[in-house]
Every structure is written in C-alpha cells, then in structure tokens.
Amino acid sequence: RVLPGHGDPVEDAHGRIAELRRAARAETEAVAALLAEGPCTAWEAARRRHPHPEYPPSGLMHALRETLAHLDRLVLLGRATEGTRGDGAAQFSPATG
C-alpha cells in the first residue's frame with residue numbers, strides 16, 4: 001500500500017507504477033512525433049503539444065518543463081539530437097541513421 005502526497009491511497013503499487021511508466025512512454029512518443037514536423041526548441045515543441053491560445057502561463061511553464069524532460073529522454077535514447085541555433089537557443093531534431 002502506498003500513501004501518495006495527494007489523492008487516495010494506492011493499493012496496487014506495482015500496477016500503478018506500470019501505469020505511470022506506460023503513460024510516460026506514450027508522452028515521449030508524442031514528443032518524438034512532434035520532432036518529425038521539423039527541428040524545434042523545447043518551447044516550440046511545448047507550443048506544438050499545447051497550441052491552445054488560452055492556456056494559462058503557469059500551464060505553459062509546466063508544459064515546457066515536461067516537454068523538455070521528454071526531449072532529454074529522446075536524446076539519451078539516441079532518438080533525437082540537441083544542437084544550438086544561430087541565436088544560441090537549444091534545438092532538437094530527430095536522430096538520423
């Protein structure tokens with residue numbers, strides 16, 4: 001039994017962990033699909049994921065942090081590369097080869 005910091009107690013800890021891992025992998029795949037649209041910064045990828053103009057600034061900052069984590073994971077897995085644009089911003093692209 002797990003007592004999370006918020007929400008109800010979790011009776012099946014292993015099942016919940018598996019569920020969270022599946023969700024994280026699905027989100028990483030969604031970010032990988034965004035890279036197929038072309039190279040982008042973490043901010044541009046976050047806006048591609050959440051294009052809603054009414055999204056609050058706090059939501060956008062959360063989306064940016066989450067998107068960057070998935071981009072970093074893709075780089076670590078060798079599925080994306082990180083470079084630097086002419087303006088100094090980090091840019092992510094799908095890995096080739």
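User: Which residues in α1 meet which residues in α2?

Analyst: Glu27, Val31 and Leu34 of α1 meet Ala45, Arg48 and Arg49 of α2. Contact here means heavy atoms within 4.5 Å. Helices are DSSP runs (H or I, at least four residues) and strands are E runs of at least two, numbered from the N terminus. This is a predicted model: local features need pLDDT of at least 70, side-chain atom pairs count only at pLDDT 80 or more, and totals for chains, interfaces and linings use all residues. Residues are numbered from 1 along each chain as its sequence is written, and side-chain values use heavy atoms, without hydrogens and water.

User: What makes α1 roughly perpendicular to α2?

Analyst: They pack at an angle of about 110°, with axes 10 Å apart. Roughly perpendicular covers 65 to 115 degrees, so α1 is roughly perpendicular to α2. Axes are lines fitted to C-alpha atoms, for helices over the stretch in contact, and angles run from 0 to 180 degrees between N-to-C directions. The contact holds three nonpolar residues, no polar and three charged. Nonpolar means Ala, Val, Leu, Ile, Met, Phe, Trp, Tyr, Cys and Pro; charged means Asp, Glu, Lys and Arg; the others, Gly among them, are polar.

User: Why is α1 called roughly perpendicular to α3?

Analyst: The angle is about 85°, and the axes lie 9 Å apart. That angle makes α1 roughly perpendicular to α3. The contact of α1 with α3 divides into six nonpolar, three polar and four charged residues.

User: How do you know that threonine 67 is buried?

Analyst: Its relative accessible area is 0%. Buried means under 20%, exposed over 50%, partly exposed in between (1.4 Å probe, protein chains only). Therefore threonine 67 is buried. Threonine 67 sits in helix α3. Leaving out residues up to four places away in sequence, threonine 67 touches Val31, Ala42, Ala45, Ala46 and Arg49.

User: What puts the buried residues of α2 on the same side of the helix?

Analyst: The buried residues are Ala42, Ala45, Ala46 and Arg49. Their arc around the axis is only 100°, so they lie on the same side of α2. The arc is taken from the directions from the helix axis to the C-beta atoms. Their cover includes α1, α3 and β2 (90-94).

User: Which residues make up the largest nonpolar core?

Analyst: There are eleven, among them Val31, Leu35, Ala45, Leu71 and Phe92. α1 (13-35), α2 (42-49) and α3 (57-76) each supply at least two. A nonpolar core is a set of buried Ala, Val, Leu, Ile, Met, Phe, Trp, Tyr and Cys residues joined through side-chain atoms within 4.5 Å.

Note on methods:
Parallel < 35°, antiparallel > 145°, perpendicular 65-115°, else oblique.
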